[in-house]
Amino acid sequence: MEDSDHYRCRLVYLKHSDDPAFQASAACEALLSLDGILLAAPFDDHSVHIIYSLDKLSFELVTELLSELNFELDDSMLISLRNTIYCYLENNARDNMHIDVTGFALDADEIEGKLEAGTQKYWDDYR
């Protein structure tokens with residue numbers, strides 16, 4: 001199995017907001033400070049293109065983190081179904097690659113500490 005099999009490329013859709021602090025570029029700033037994110041770039045104002053490693057992150061963890069940071073994710077039926085399929089496929093891939101997911105469970109203080117270290121100035125400017 002090649003190293004590239006451990007990477008996933010996804011689009012995360014956000015609810016439309018006129019506030020620039022809750023649009024795709026702000027979400028990218030928050031995600032880039034996480035270990036395991038290789039790319040986080042705005043696809044448009046309300047969707048984020050990410051590439052991440054299954055060894056360190058999951059799609060579910062990324063979406064939960066964005067929700068905790070008050071980014072509202074698009075919860076339409078088709079997007080929710082697509083996200084559920086992503087989570088199912090990633091769980092199967094991790095099982096087949098024998099990746100231990102116990103290291104994924106970061107407590108809220110640890111996540112917040114990582115984010116504040118790299119993006120505190122950004123958040124101070126916009127919130």
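Let's start at Leu73, which sits in the loop between helix 2 and helix 3; helices (H or I, at least four residues) and strands (E, at least two) are DSSP runs, numbered from the N terminus. This is a predicted model, so local features need pLDDT of at least 70 and side-chain atom pairs count only at pLDDT 80 or more, while totals for chains, interfaces and linings use all residues. Residues are numbered from 1 along each chain as its sequence is written, and side-chain values use heavy atoms, with hydrogens and water left out.

What does Leu73 touch, leaving aside its neighbours within four places in sequence? With contact meaning heavy atoms within 4.5 Å, Leu73 meets Val12, Tyr13, Leu14 and Lys15, and also Thr63, Leu66 and Ser67.

**The overall layout**

The protein chain has four helices and three strands, and they come in the order β-α-β-β-α-α-α. Of its 127 residues, 42% count as buried, where buried means under 20% relative accessible area, exposed over 50%, and partly exposed in between (1.4 Å probe, protein chains only). Take the contacts between residues at least 6 apart in sequence: 68% of them join residues at least 24 apart.

Leu11 is found in strand 1 and is buried, with a relative accessible area of 18%. Besides Phe43, Leu11 is in contact with Val48, His49, Phe59 and Arg82, once neighbours within four places are left aside.

**The nonpolar core**

A nonpolar core here is a set of buried Ala, Val, Leu, Ile, Met, Phe, Trp, Tyr and Cys residues joined through side-chain atoms within 4.5 Å. In the largest one there are 29 residues, and Leu31, Val48, Ile50 and Leu66 touch the most other members. Helix 1, strand 2 (37–44), strand 3 (47–53), helix 2 and helix 3 each give two or more residues to this core, with helix 1 supplying the largest share, six.

Not counting residues up to four places away in sequence, Leu31 touches Ile37, Ala40, Val48, Ile50, Val62, Leu65 and Leu66. Val62, Leu65 and Leu66 turn up again among the buried residues of helix 2, along with Phe59, Leu61 and Thr63.

Helix 2 is followed by Asn70, found in the loop between helix 2 and helix 3. Asn70 has a positive phi of about 70° although it is not a glycine. As a rule, most residues other than glycine have a negative phi.

On a 1 Å grid over the protein atoms alone, a cavity is a set of points where a 1.4 Å probe fits but cannot get out, and lining residues have an atom within 4 Å of a point.

The lining of the largest cavity consists of Val12, Tyr13, Phe59, Thr63, Leu73, Asp74, Ile79, Arg82 and Asn83. Strand 1, helix 2 (59–68) and helix 3 (77–97) each give two or more residues to it, and helix 3 has the largest share, three residues. The lining divides into five nonpolar, two polar and two charged residues; Ala, Val, Leu, Ile, Met, Phe, Trp, Tyr, Cys and Pro count as nonpolar, Asp, Glu, Lys and Arg as charged, and the others, Gly among them, as polar.

Leaving aside neighbours within four places, the contacts of His46 include Val12, Tyr13, Gln23, Ala24 and Ser17.

Ser17 itself lies in the loop between strand 1 (7–13) and helix 1 (24–32). The side chain of Ser17 reaches the backbone nitrogen of Asp19 at 3.2 Å. Beyond four places in sequence, Ser17 is in contact with Phe22, Gln23 and His46.

Methods
Polar contact = N/O pair within 3.5 Å; in protein donor to acceptor, adjacent residues only side chain to side chain. 1 Å grid on protein atoms, 1.4 Å probe; cavity = no way out; pocket = protein on both sides within 12 Å on 5 of 7 lines; lining within 4 Å.
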